[in-house]
Amino acid sequence: MKETAIFYGSTSGNCEGIAARIAATLGVNSSAVFTASALTPDIIAKYDNLILGSSTWGCGDLQDEWYDAVEILKSSDLSGKTVAVFGCGDSAGFSTTFCDAMSAIYEAAKSAGANMIGAVSTDGYTFDESASVVDGRFVGLALDEDNESDLTDTRIAAWTDEIKPQL
């Protein structure tokens, strides 16, 4: 596996915990796991692969640390880089904006030329709408630690098994 970094935005700690679990599953050293506020062009340049995650707040908003980081992604040249995204949301309380924040990160990385991987089928999820669903699939790994934490480990394992050969 090429050099991989994980960036996350977490307010309550859920997304931070998920980032650590993904890192452990993929064998990414904890020194390559950063908060989104640490994202800089220099750090991006050091890594071949980026795994980017955010919790969703309010009515589909990015976690606060991602607002500046998304702008950095948009202004970067990510061609030649492989990017996967993950998100945390509340499928019961915010069923019409479930994991919407993932879509903003996905679009920023894609528009900067990244090779996007890791789309996930919506089968087995309970929600009404999500901006992160394109052609019937989430643009990345969608997780709900509030209502479906019993499915998290299985979903992480399946997703990381899928993306690891591409990293």
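The lining of the largest pocket comprises six nonpolar, nine polar and four charged residues. In this classification Ala, Val, Leu, Ile, Met, Phe, Trp, Tyr, Cys and Pro count as nonpolar, Asp, Glu, Lys and Arg as charged, and the others, Gly among them, as polar. The model is predicted, so that local features need pLDDT of at least 70 and side-chain atom pairs count only at pLDDT 80 or more, while totals for chains, interfaces and linings use all residues. Residues are numbered from 1 along each chain as its sequence is written, and side-chain values use heavy atoms, with hydrogens and water left out.

The space in the largest pocket amounts to about 250 Å³. Of the 19 lining residues, Thr 56, Trp 57, Gly 89, Asp 90 and Asp 146 are the closest to the centre of this pocket. Two or more lining residues come from each of the elements α1 (14-26) and β3 (49-57), and β3 gives the most, with three residues. A pocket is defined on a 1 Å grid over the protein atoms alone as an open set of points where a 1.4 Å probe fits, with protein on both sides within 12 Å along at least five of seven lines; lining residues have an atom within 4 Å of a point. Grid points are joined across faces, edges and corners, and the volume is the space filled by probe spheres set on the points. Helices (H or I, at least four residues) and strands (E, at least two) are DSSP runs, numbered from the N terminus.

Asp 146, one of the residues closest to the pocket centre, is located in the loop between β10 (141-143) and α5 (152-163). Beyond four places in sequence, Asp 146 touches Asn 14, Gly 89 and Asp 90, where contact means heavy atoms within 4.5 Å.

Cys 99 itself belongs to the loop between β5 and α4. Its relative accessibility is 1%, and Cys 99 therefore counts as buried; buried means under 20% relative accessible area, exposed over 50%, and partly exposed in between (1.4 Å probe, protein chains only). Although Cys 99 is not a glycine, its phi is positive, at about 55°. Most residues other than glycine have a negative phi. Asp 135 likewise has a positive phi, near 55°. Asp 135 occupies the loop between β8 (133-134) and β9 (137-138) and counts as exposed because its relative accessibility is 79%.

The loop between β5 (82-88) and α4 (101-111) also holds Ser 95. This serine counts as buried because its relative accessibility is 13%. The side chain of Ser 95 reaches two backbone atoms: the oxygen of Ser 91 at 3.4 Å and the nitrogen of Asp 128 at 2.8 Å. Such a polar contact is a pair of N or O atoms within 3.5 Å; within protein, one must be able to donate a hydrogen and the other to accept it, and residues adjacent in sequence count only if both atoms are side-chain atoms. Outside four places in sequence, Ser 95 is in contact with Asp 90, Phe 127, Asp 128 and Glu 129.

Strand β5 contains Gly 87, which counts as buried because its relative accessibility is 0%. Gly 87 touches Ser 54, Cys 99, Met 102, Leu 141, Ala 142 and Leu 143, residues up to four places away in sequence being excluded. Gly 87 and Met 102 are 15 residues apart in sequence, and their C-alpha atoms are 5.5 Å apart in space.

In strand β1 (residues 4-9), Thr 4 is buried because its relative accessible area is 5%. The side chain of Thr 4 makes a polar contact with the side chain of Asn 49 at 3.0 Å, and a polar atom of this threonine side chain lies 3.0 Å from the backbone oxygen of Lys 2. With residues up to four places away set aside, Thr 4 touches Val 28, Ala 32, Tyr 47, Asn 49 and Ile 51.

Ile 51 is also among the members of the largest nonpolar core that touch the most other members, together with Ile 22, Trp 66 and Phe 86; this core has 56 residues. A nonpolar core is a set of buried Ala, Val, Leu, Ile, Met, Phe, Trp, Tyr and Cys residues joined through side-chain atoms within 4.5 Å. In soluble globular proteins, nonpolar side chains tend to be buried together.
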